[in-house]
Amino acid sequence: MKLGNQIEEYLDYVIVEQNLTINTKNSYQNELTKYMAFLVRRGIWNIEDIKYEDITEYLKALSNQNLKPQSIAHSITVIRNFHKYFVKTGDLKQDVSKNISQPKLQKKLPVTLSVQDVDCLLDIQIETPFDYRNKAMLELLYGTGLRISELLSLTLNDIDLTNCTVRCMGKGRKERIVPINDFIIDSLSKYLEVRCQLEKRERYDYLFLNNHGKPITRQGFFKILKKILSEKGLDPNTSPHTLRHSFATHLLENGADLRVIQEMLGHSDISTTRIYTHISNQKVEKDYKKYHPRKDEE
């Protein structure tokens, strides 16, 4: 079986057996296509002919492109999983990728907004149905910590205003129920009253629609967010994930339990959530130095 066919087989496995998302599948496909192109240039057309040195040379080529360590680490993960699969199926006798080491990654603390900046962002002047929609989207993002992909995939059936919850599908197609506050309920209720004005001849069940009556895309949302940030004079680099980080950080600073935050964010591992404790500790130190009566005089 040629490499191209082996990649297709593996990608089918990723979708069907591992229950991963289309975005993950596309990411894997992109990585493996580049990997295959490199191998073909070296005269390798079958996974059985790949040697440890071929993989290390490929990673050197990636490194020479000045890619970030995170990007190279992702490539290594995809390559490892690819080889591991064919060892599992019996097509490979040994896994030549298992001894490939991951680059050391420097963990960066997430960027967050202050409560004041969030209040400014969410203070949207309502004049049109699009304003109601934008207000509801931003209230949901900040008030629940949803990922942008989760927000834009919401349907009308995922919103339960009676029980004050929203149901979303996270990474690995894991479903979770997240509570929503009065601000979200109010903005969603008002948006749902005017949502029919955004509908066109073709109807969609997706919660948030664009000006063509179709589901909003990631690119469309980013344009909306950038426009609002510009109008309000806020940091133009603010992203949907910034609101997710701000949600978690503000909860932690106000006494929320880390396990509860983990559940709401949909993190499978508590260690992923612990990064927000570092942000909170930084704020404690900053506030201590700023407000303690016996702080050092400058």
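This is a predicted model: local features need pLDDT of at least 70, side-chain atom pairs count only at pLDDT 80 or more; totals for chains, interfaces and linings use all residues.
Residues are numbered from 1 along each chain as its sequence is written, and side-chain values use heavy atoms, with hydrogens and water left out.

**Exercise 1.** Classify the packing of α2 against α3.

Step 1. Helix α2 spans residues 22-41 and helix α3 spans residues 52-64. Their axes lie 11 Å apart, at an angle of about 110 degrees.
Step 2. That makes α2 roughly perpendicular to α3 (65 to 115 degrees).
Step 3. List the contacts (heavy atoms within 4.5 Å). E31, K34, Y35, F38 and L39 in α2 meet D54, I55, E57, Y58 and A61 in α3.
Step 4. By class, this contact has 6 nonpolar, no polar and 4 charged residues.

**Exercise 2.** Do the classification for α3 and α4.

Step 1. Helix α4 covers residues 69-89. The α3 and α4 axes come within 11 Å and cross at roughly 155 degrees.
Step 2. The two helices are therefore roughly antiparallel (over 145 degrees).
Step 3. From α3, I55, Y58, L59, L62 and S63 meet I72, S75, I76, I79 and H83 of α4.
Step 4. The class count is 7 nonpolar, 3 polar and no charged residues.

**Exercise 3.** Is T238 buried or exposed, and what does T238 touch?

Step 1. T238 has a relative accessible area of 3%. T238 is therefore buried (under 20%; exposed means over 50%).
Step 2. A polar atom of the T238 side chain lies 2.9 Å from the backbone oxygen of D235.
Step 3. Not counting residues up to four places away in sequence, T238 touches L113, L225, K226 and L229.

Technical notes:
Axes are lines fitted to C-alpha atoms, for helices over the stretch in contact, and angles run from 0 to 180 degrees between N-to-C directions. Helices (H or I, at least four residues) and strands (E, at least two) are DSSP runs, numbered from the N terminus. Angles under 35 degrees count as roughly parallel, over 145 as roughly antiparallel, 65 to 115 as roughly perpendicular and the rest as oblique. Ala, Val, Leu, Ile, Met, Phe, Trp, Tyr, Cys and Pro count as nonpolar, Asp, Glu, Lys and Arg as charged, and the others, Gly among them, as polar. Buried means under 20% relative accessible area, exposed over 50%, partly exposed in between (1.4 Å probe, protein chains only). A polar contact is a pair of N or O atoms within 3.5 Å; within protein, one must be able to donate a hydrogen and the other to accept it, and residues adjacent in sequence count only if both atoms are side-chain atoms.
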